[in-house]
Amino acid sequence: MNGDLSNSNSPFESTEYELVPQFNPTVGRTQWKPVRTDYDYAQEIALSGYGDMLHDSDRNQKYFEAIRVAIKHVRNTRPDVDVHVLDIGTGTGLLSMMAAFQDAKSVTACEAFRPMVGCAKAVLKDNGLDGRVQVVDKPSTKLSIPNDLPQRANLLVAELVDTELIGEACLSTYKHASESLITPDAVLVPHGADLYCQIVESPFLWSHHRLCQFDSTPHTGLTLGRFDPILHDMAITSCPGAPSVFDIQASELEAVNSEEPRILGDRQIRCLLEKPVLVKHFNFSPPADQIQLEYSSYITKTQDGAPLTAVRSGTAHAFIVWWRMNMEPTHTVPDISTAPAWACDPDSAWRDHWMQAVYFPRQPLTLMRGQKFQIAFRHDLLSLWFDFPSSDTFQSQPTSPPEFERPICNCGLHYSWPRTRIAHLHTADYQRTVTLLVDGLRAQLNRMTPRSVHIVVVSDCSLLPIFLSEALGLCFAGHTIRFDHIDSSACSFRFLNSVYNHVTEENQSPSIRLFDSTDSWIKSLRGYCAEQVESGTVHSVLVVAEPFAVAATLPWDAMHFWYAFHEIRNAFPGLDVHLFSPLRLRIWGVLVEFDQLWKIRAPIGADCEGFNLSAFDRLVQPAMRQTQAAVEPQPLWEYGGEARSEPQLVFDLDLATLEANSQVIHHPAAHLQSVSSEQSTIINGIAFWSEWLVPNVGHADRGSHWYAPAGPELSIRSGERIRWKSTGVQQGVTLFPTALFTDCQKPRSVPVSVSFHVPIGEFQFALDTSEQ
């Protein structure tokens, strides 16, 4: 298993290549990359997301049983009528086969995703059901009777929901089916869903939504200074935020529900309702006019009819939302539930294709124990949103439904800076590192003879230029200082440009100069230097980064600063140009047994509720090998797992001495060795993270500072659970298609080789999971 994961048995037979433009965040520019002509087709299949859903045995079993019960119900209540089944969005054809297995008279399956049409037909053939199920390659809204269906169906089976329940347009699909495709008395699997909500206090969740206050303390000394009013004005603090749903594995949040007031920490929540509140029952069944495409209401009572009341004192920061899907009308089959573990729902199970959704109010609501309150809820065709009504609205006991618009960011921050990035700015790890950079630059400037200094920050979505400019000022230790910021993210550039310009206009003084590329910065400096050369002023350029790049998917990809440093040095050979930080990059790896994450890449095999889905594997597995890198990003704090080895250094790069004309930097192969255990253990993946060396100028007594924004929060020990950092960039993961087994008699060693191709800015990973 090596970096390109190629496979000669791939069904994608094209050997022709074409050049496509791709922005490379590592080098900070667009490059032409050769890809096979069927790359887009293969990528669409690889990203279709069926695999982890088909590994959801709870889902599969409940669907199978619900279809059996539904067909029996149709036959018992209408013995003179044959069962005609319509399967909308059949995918692999699994639900259609379940219906055919119960001897339905006819089964029609429609599928709009063309690659899956052929897959469904192959699966049906492998299971001897190709003559029992008709597959139509159309969306359900394009079906007609009798051209596509022999008659209206009296049993509709479908799986049309997502984490947000309605985000895949299930409501309009069911409404159209009720109007045009199924009988008025048709039975549906599922036939409805109940949406639930818990109100939680959680500074951790809220930190993904709002910039924190940076109060200067002896520990950090960080201050936003002149920039504080604009970054914390009403436009940002009252902005409803990003409209996209914030989906997470909420089971990884720790529910702290003691009555004792305490400050909540990382990943902690406090539930303010005694039990989750039912937000709405969604009906999927006929008649069509009962399927509401838009709806709004005030939620004032619990299911028991009691007023909605806070059971604990706290600040309501977020709504955590999930659903229970009602499988069939007799309620014989238990619901499929996406409730988090701390909700103690017996029908819940771990899933990745359906998680939990987090929504934020415009402003948090302070609640006292026993205080009554209301929730404003609304949905349209595709989205849900929540808020707390104003106190005036609450006191007036409104009878009309609330009218509040879908949240759309109007301040620029939420659509330009990722939520996890905003949250990372709140962490002690980030603030400690930035403080070290500020102190280090202060110490560096104190050591230098007076001159004109350009401090160039090369990072996206960064507050570092602000912290530096406010800590150092335009004149420091006899130096004249200019603060420049290169932000390659177009959205972040627009947001910060408005912030910097506002401060310049308000204070009538120079602020931070912002550039969208290293080239534009170089062009600007050429004219400035030409004016200064005659004066004999000595110039120095200090390049500094956190580092962070919006387009960097893996933690080590944010190396744009190094390329910027060399472009500047080459453009101005007569200037004193230094890379101040970071000075070194290290990548670490550890063998892991993931509890559940392995399912998203593992083949399904020949026994999915008794059906052979090998044809699906033959389609998807080669597509993943062709289009997906050996290492993919994942937020590992959401996915539990145990270490099966000690951490091992797999790559080490000295950025201070690396030359721009270098070609390929190889690191000796590292062997990730499993630790002997008396019991058999499983290894199904490798987790990777990076760390950056930040100089301790002026603090030699503190030793080296390695900044690992995607690293483990606690030291990793083999055989123990890994606790990963929960904000910022994601970790890198390699998931094995087939797990490795090890015991005291058979330890495993997985060689990992990492190389860095300097001209194109790409890291390549090669690993071997074969028997050693």
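**A chat about helices, loops and buried residues**

Reader: Hi! Where does proline 622 lie?
Author: Proline 622 lies in helix H18. Helices (H or I, at least four residues) and strands (E, at least two) are DSSP runs, numbered from the N terminus. This is a predicted model, in which local features need pLDDT of at least 70 and side-chain atom pairs count only at pLDDT 80 or more, while totals for chains, interfaces and linings use all residues. Residues are numbered from 1 along each chain as its sequence is written, and side-chain values use heavy atoms, with hydrogens and water left out.

Reader: Thanks! Does proline 622 count as buried or exposed, and why?
Author: Proline 622 counts as buried because its relative accessibility is 5%. Buried means under 20% relative accessible area, exposed over 50%, and partly exposed in between (1.4 Å probe, protein chains only).

Reader: And what separates the C-alpha atoms of proline 622 and glycine 314?
Author: Those C-alpha atoms are 51 Å apart, and the two residues are 308 residues apart along the chain.

Reader: What about proline 229, buried or exposed?
Author: Proline 229 is found in helix H8, residues 228–231. It counts as exposed because its relative accessibility is 53%.

Reader: Switching to H3: how does its span fit what you'd expect?
Author: H3 covers residues 57–77, which is 21 residues, and its end C-alpha atoms are 30 Å apart; at 1.5 Å a residue it should span 30 Å, so the two agree. The expected span of a helix is 1.5 Å times one less than its number of residues.

Reader: Which residues of H3 are buried?
Author: Among them are Tyr63, Phe64, Ala66, Ile67, Ala70, Ile71 and Val74. An α-helix has 3.6 residues a turn, so residues three or four places apart point the same way.

Reader: What do the buried residues of H3 pack against?
Author: They pack against helices H2 (50–54) and H4 (94–101), and against strands E6 (153–158), E7 (182–189), E15 (318–326) and E16 (336–337). Contact means heavy atoms within 4.5 Å.

Reader: At what angle do H3 and H4 pack?
Author: About 40 degrees, with their axes 9 Å apart. That angle makes H3 oblique to H4. Angles under 35 degrees count as roughly parallel, over 145 as roughly antiparallel, 65 to 115 as roughly perpendicular and the rest as oblique. Axes are lines fitted to C-alpha atoms, for helices over the stretch in contact, and angles run from 0 to 180 degrees between N-to-C directions.

Reader: Which residues make the contact?
Author: From H3 there are Arg59, Asn60, Tyr63, Phe64, Ile67 and Ile71, and from H4 there are Leu94, Leu95, Met98, Ala99 and Phe101. By class, that contact has nine nonpolar, one polar and one charged residues. Here Ala, Val, Leu, Ile, Met, Phe, Trp, Tyr, Cys and Pro count as nonpolar, Asp, Glu, Lys and Arg as charged, and the others, Gly among them, as polar.

Reader: Last one: what is phi of arginine 267?
Author: Phi is near 65 degrees there, a positive value in a residue other than glycine. Arginine 267 is found in the loop between strand E10 (254–255) and strand E11 (268–271). With 5% relative accessibility, arginine 267 counts as buried.
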